[in-house]
Every structure is written in structure tokens, then in C-alpha cells.
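Visitor: I am new to this structure. Could you show it to me and take my questions as they come?

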Amino acid sequence: MSSQKGNVTLSRPQKHQNTFTFKNDKFDKSVQTKTINAKLHDGVCQPCKEVLEWSIKYSKYKPLSKPNTCVKCSQKAVKDSYHIMCRPCAYELQVCAKCGKKEDIVIPFNKEISESSENQGFNHGRSCKRKEDSDEDFGAEADSDGGDGDTHA
Ligand SMILES: [Zn+2]
Ligand SMILES: [Zn+2]
């Protein structure tokens, strides 16, 4: 019996790996949409905010692949679609980052309260459910801990 021939088949690469790339692309797209929806349009005036919300609602919103040039500081620092100004400039001048007018900003840049409070609500509901599960785990953990008998003074 010659068992050496068996080793040759093991070194062959598997063809199944190709399917992974396709799946990954699909997943990436949904993540991007989620990010846009979760993002609040801070630093813009009411009319501009409505325009941005509308474009997202009807899937017209196109996220920037690379930053645009800011009309104030001429830096490639505009990371939001349809905005003409980067965040630092709009914040400093207290103007709308989209139209550049000195309008009332709906959500100023430095305030991110509404986003975090929304997340807190979600976490609260989850932690309540998890508490029941962790109770059972606690008993199992204590059991194995006693068996170890760690004697360290
Ligand atoms: Zn700027
Ligand atoms: Zn505006």
C-alpha cells in the first residue's frame, strides 16, 4: 500500500471561495443604506434638511465616494452629498453647510443628542431581555469556579 499519493489531493485549492465575494458585496450595500438613514442632517437649514430627507426617502441620495471641495477653505473636506461647505467652516460661520446661507440651523454640528438618545432606548430594551439569559449562565459559571480551588493569599 502506498499512502503517499493521498497527500497530493489535499494541496488542491477549493473552488467554493469565489462565492464569498458576491455575498460580501450585497452585505456592504445594506450597511451603507443604514448609515445614511441613521445619519441626521446636522448643520443645515430647514429647507435643505427637507431636501436631503426627501432624497433619502426616495432613494435619490448618493453618498460621496470622495470629499468635495469646500467653498470657504478650498479643502477637500466636504464629506456630505449636496453640501458646499465642510463642517468646520459651516460651524464657524454659523451658516447652512448645504446652501451657505445664514439660516437657522435645525441641528447644530456640536449637538448629537437626538441620535444618542435614540440608541439608548434600543439598548435598554435589549438589556432587559438579556438579563434573563445571563441569570442561567451565572449558575454554570459558579459551578466550574468552585472545582478549580484557587489557593492564593
Ligand atoms: Zn471648509
Ligand atoms: Zn440651507
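This is a predicted model: local features need pLDDT of at least 70, side-chain atom pairs count only at pLDDT 80 or more; totals for chains, interfaces and linings use all residues.

Guide: What follows is a conversation about metal sites, charged pairs and the nonpolar core.

Visitor: Which protein donors hold the zinc ion (ligand 1)?

Guide: They are the SG atoms of Cys70, Cys73, Cys86 and Cys89, at 2.2 to 2.4 Å from the ion. Donors are N, O and S atoms within 2.8 Å of the metal (3.2 Å for Na, K and Ca); water is not among the atoms, so sites may look incomplete.

Visitor: What is the arrangement of the four donor atoms there?

Guide: The arrangement is tetrahedral, because the angles at the zinc ion (ligand 1) run from 101 to 118°. Four donors count as tetrahedral if all angles lie between 85 and 135 degrees.

Visitor: And what spacing do those donors follow along the chain?

Guide: For the zinc ion (ligand 1), the spacing is C-x2-C-x12-C-x2-C. Cys73 and Cys86 both lie in the loop between H3 and H4, and this pair, 13 residues apart, links distant parts of the chain. Helices (H or I, at least four residues) are DSSP runs, numbered from the N terminus.

Visitor: Is Cys86 buried or exposed?

Guide: Cys86 is buried, with a relative accessible area of 3%, while Cys73 is partly exposed at 30%. Buried means under 20% relative accessible area, exposed over 50%, and partly exposed in between (1.4 Å probe, protein chains only).

Visitor: What about the zinc ion (ligand 2): which protein donors does it have?

Guide: Its donors are the SG atoms of Cys45, Cys48, Cys96 and Cys99, lying 2.2 to 2.3 Å away. The angles around the zinc ion (ligand 2) are 103 to 116°, so this arrangement is tetrahedral. The spacing of its donors along the chain is C-x2-C-x47-C-x2-C. Cys48 is in helix H3 and Cys99 in the loop between H4 and helix H5 (113-148), so the pair ties together parts 51 residues apart in sequence. Cys48 counts as buried at 5% relative accessibility, whereas Cys99 is partly exposed at 30%.

Visitor: With those cysteines about, how many disulfides are there?

Guide: The structure holds zero disulfides; a disulfide is a pair of cysteine sulfur atoms within 2.5 Å.

Visitor: Changing topic: how many salt bridges does the structure hold?

Guide: There are three salt bridges. Each is a side-chain nitrogen of Lys or Arg within 4 Å of a carboxyl oxygen of Asp or Glu. One of them joins Arg87 to Asp42, with the closest N and O atoms 2.9 Å apart. This pair links distant parts of the chain, Arg87 being in helix H4 (residues 87-93) and Asp42 in the loop between helix H2 (18-38) and helix H3 (46-57), 45 residues apart.

Visitor: What else does Arg87 meet in a salt bridge?

Guide: Arg87 also meets Asp80, at 3.4 Å from N to O. Arg87 is partly exposed, at 31%, whereas Asp42 is buried at 7% and Asp80 is buried at 8%.

Visitor: And where do Lys49 and Glu53 lie?

Guide: Both lie in helix H3, four residues apart, about one turn of the helix. Lys49 counts as buried at 13% relative accessibility, and Glu53 as partly exposed at 37%.

Visitor: Last topic: how many residues has the largest nonpolar core?

Guide: The largest nonpolar core has 16 residues, and Val44, Cys70 and Met85 have the most contacts inside it. Such a core is a set of buried Ala, Val, Leu, Ile, Met, Phe, Trp, Tyr and Cys residues joined through side-chain atoms within 4.5 Å. The largest share of this core, three residues, comes from H3.

Notes: Residues are numbered from 1 along each chain as its sequence is written. Chains are lettered from A and ligands numbered from 1 in the order in which they are written. Side-chain values use heavy atoms; hydrogens and water are left out. Helices (H or I, at least four residues) and strands (E, at least two) are DSSP runs, numbered from the N terminus. Four donors count as tetrahedral if all angles lie between 85 and 135 degrees; four count as square planar and six as octahedral if opposite donors are over 155 degrees apart and all others between 65 and 115; anything else is irregular.
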